[in-house]
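Q: I would like a close look at a single part of a structure, with some context around it. Here is what I have.

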Amino acid sequence: MATTTQGKPRKRMGRLERRRMFGDWLLLAPQLILFAGLTLFPFVVATPILFTDQLSFQDVGIDWIGFDNFTRIFTDPNIQREYIPALQRTLLFVALNYLMVFVFGLTLALLIYEIGFQGWFFTIVYLPMMVSGLAMGYMATMLFAKSTGTVNLMLAEWFGLKNLIDIQNPTGTAIILPIMIGWRYAGFNVAIFLAGLLAIPTETIEAATVDGASYWQRLWRVYFPQMIPAFIIATIFCLIGSFGVFDELIPLGALSSNNEARLLSVLFFTYGFMSQRLALGLTLTLETFLPLVFVALLLQRLQRRLQY
């Protein structure tokens, strides 16, 4: 009888666990279906194209060329003349955008954590994320156009400046673009950093305060060391997201006259859909994407080690 009595709770717990697991999978199912339909399925369909000379989706004269597309980035000088400058511009943008992650995200997270702003402040921080990338690009163009931009007109009227900001200028694009992206995704980064701040035991902060540590000392010796997992997560999202920026570049003239806005994402688009080099564009995308995945996996593994 004792054995039977002890066996019943185990049977019941197993049933509850199965129900809970079924509920979890039910909640995840819509996202998994969308991910499989919009990411995995297109990738599987596109994989055979990598080994052909297909020019477009309407191309019927397709030949199998093996790994020629994978080696052309190293052997074809015409591709190198386009790919290497675009890669350099993208890496510069990634570096500046990564800086904006901390300028906007970390600063706002610290303000919320230390001062405790109310709901209206969260609304202001997260509002830019509701605006599409295309609209954000047009807003930046209207603000910083050389002759008609609102900011330039104000600078000329109030301060008499003659050397105005030109968003179509290489320097203007290189500076304004990461600021615009950093402002748009500030709310996303605030959530990451705020979670890291809330995970810090209050006892360590109180002990540092009692010991006479200044606020900057607490930041560098108490806050930041315990926020490294949050920093790594923000780095992964920034790295992958920066290489995927596209919509914001179109209003800046990436497809026309502004070479500085011609990042790798724009180059891949023009190869695949404008220059009739579909297979080559897909191959270059994959060759750029795989190192990013490798770096992201390494960072994720490091984050898990530091967290657990």
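What percentage of the 308 residues of the protein count as buried? And please zoom in on helix 11: which of its residues are buried?

A: Happy to take a look with you. This is a predicted model, where local features need pLDDT of at least 70 and side-chain atom pairs count only at pLDDT 80 or more, while totals for chains, interfaces and linings use all residues. Residues are numbered from 1 along each chain as its sequence is written, and side-chain values use heavy atoms, with hydrogens and water left out.

To your opening question: 37% of the 308 residues count as buried, where buried means under 20% relative accessible area, exposed over 50%, and partly exposed in between, with a 1.4 Å probe and protein chains only. The protein has 13 helices and zero strands; these are DSSP runs numbered from the N terminus (helices H or I, at least four residues; strands E, at least two).

Along the principal axes, the C-alpha atoms fill a box of roughly 80 × 60 × 30 Å.

Now to helix 11, which covers residues 228-243. Its 16 residues should span 22 Å at 1.5 Å a residue, and the end C-alpha atoms are 23 Å apart, so the two values agree. The expected span is 1.5 Å times one less than the number of residues. The buried residues in helix 11 are P229, A230, F231, I232, A234, T235, I236, C238, L239, S242 and F243.

Several of these meet a residue from another helix. V94, in helix 3 (residues 77-115), touches C238, L239, S242 and F243, leaving aside residues up to four places away in sequence; a contact means heavy atoms within 4.5 Å. V94 is itself buried, because its relative accessible area is 11%. The C-alpha atoms of V94 and I181 are separated by 11 Å, although the two residues are 87 apart along the chain.
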